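Please study the sequence and the structure shown below. The paragraphs that follow then lead through selected parts of the fold in turn.

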Amino acid sequence: MTVFVQYEENAANIPCILLAKSAAGYHQLIKLSTAIQFGGENAIGMTELASYKDDIICILPINHEKLKTLIRDDSPEKAFEYINKWKSIYTSDDFYLGIDYPHSAAGKAFNESVKDFQQTYRIPAAAINDVIYLNEKDDIAYDCLQSMKKGDHWGMKVSDAALKKRHLRSEAEMVDCFSSFWPEALDQTESIKNKCNIDLDFDQRHLPSFPVPDGIDAHDYLTKQCFQNAEKRYAVLTDEVKARLNYELSIIETMKFSDYFLIVADFISYAKSQHILVGPGRGSSAGSIVAYVLGITDVDPIKISIAV
């Protein structure tokens, strides 16, 4: 996960790469992503970043402007002080500098300076590649799309040489780039890979539980809500309405979707109360009488004869 961090006010945000070492770290990344979304900003502060550090590996790419300036200006002490502020957040062996393979003479000269700096201060450096498109030949399409996005005229060729070689490289390509230039960076990348061990169980349902009142069972509460609301939707609760409700509720209970219907009904109710436009419903449950009596949809399946 790439996170942009506001290191200083009125300065460009700085990207860092965060990797989860375990399931606990993965949940830290989920919480961090949620915090960024709720904050309404594209970046977070250093203090906030430190709140999500457990079981996380941080890679700080060297090619952002602040670090480039410190190293180019031959200020190794200031560069080390700057990097140490990042490094202090994480455990000593979970912080790395990220080294991109340079394709220009200037880039190669800069990376040599970085290599000297890294060897002096003994900060682990890992091989990375900033990926912005999938295949090597996609650079033209990417550049064209960026021109369209900005409303600029496109000159029928890649406008910036820095956009080339930004595809998802294979292992063989990375080895070819770094084996003679900085082989130790490949070793550190392999070390990072070995540290990250997460098993995601895609067979387990991770649906949150609806906070039902009085600690009653979610399905019992759903059933109660459905029959109470059905009296508001229908002038008379006919045997057809009751049978349809009971049948759908039995299916929902079997599939363990009671919490799901309660959750959806809750946020649809809130949206309507705040005059937020909601759609007519989609998927197989759009023609459901349970969805209708809960107010999720306004489609009466009995009136228009939608079959179960």
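On helix α4, the face turned away from the buried side carries E77 and K78, which are exposed; exposed denotes over 50% relative accessible area, buried under 20%, and partly exposed in between, with a 1.4 Å probe and protein chains only. Helices, here and below, are DSSP runs of H or I with at least four residues, strands are runs of E with at least two, and both are numbered from the N terminus. The model is a predicted one, in which local features need pLDDT of at least 70 and side-chain atom pairs count only at pLDDT 80 or more, whereas totals for chains, interfaces and linings use all residues. Residues are numbered from 1 along each chain as its sequence is written, and side-chain values use heavy atoms, with hydrogens and water left out.

The buried residues of α4 are A79, Y82, I83, W86 and K87. Viewed down the helix axis they fall within an arc of 145 degrees, so they line one face of α4; the arc is that of the directions from the helix axis to the C-beta atoms. Helix α4 comprises the 12 residues 76-87, and its first and last C-alpha atoms are 16 Å apart, close to the 16 Å expected at 1.5 Å a residue. The expected span is 1.5 Å times one less than the number of residues.

Helix α9, residues 218-233, has 16 residues, which should span 22 Å at 1.5 Å a residue, and the 22 Å between its end C-alpha atoms agrees. Its buried residues are A218, H219, Y221, L222, C226, N229 and A230. Because they cover an arc of only 165 degrees around the axis, they lie on the same side of α9. Their cover includes α10 (239-255), α11 (258-273) and α12 (289-293).

Within α11 lies L262, which is buried at a relative accessible area of 5%. Not counting residues up to four places away in sequence, L262 touches F210, V212, A218, Y221 and L222, where contact means heavy atoms within 4.5 Å. The C-alpha atoms of L262 and H219 are separated by 9.1 Å, although these residues are 43 apart along the chain.

Elsewhere, the largest pocket holds about 920 Å³ of space. A pocket is an open set of points on a 1 Å grid over the protein atoms alone, where a 1.4 Å probe fits, with protein on both sides within 12 Å along at least five of seven lines; lining residues have an atom within 4 Å of a point. Its volume is the space filled by probe spheres set on the points, which are joined across faces, edges and corners. Of the 35 lining residues, I17, A127, I128, N129 and D130 lie nearest the centre of the pocket.
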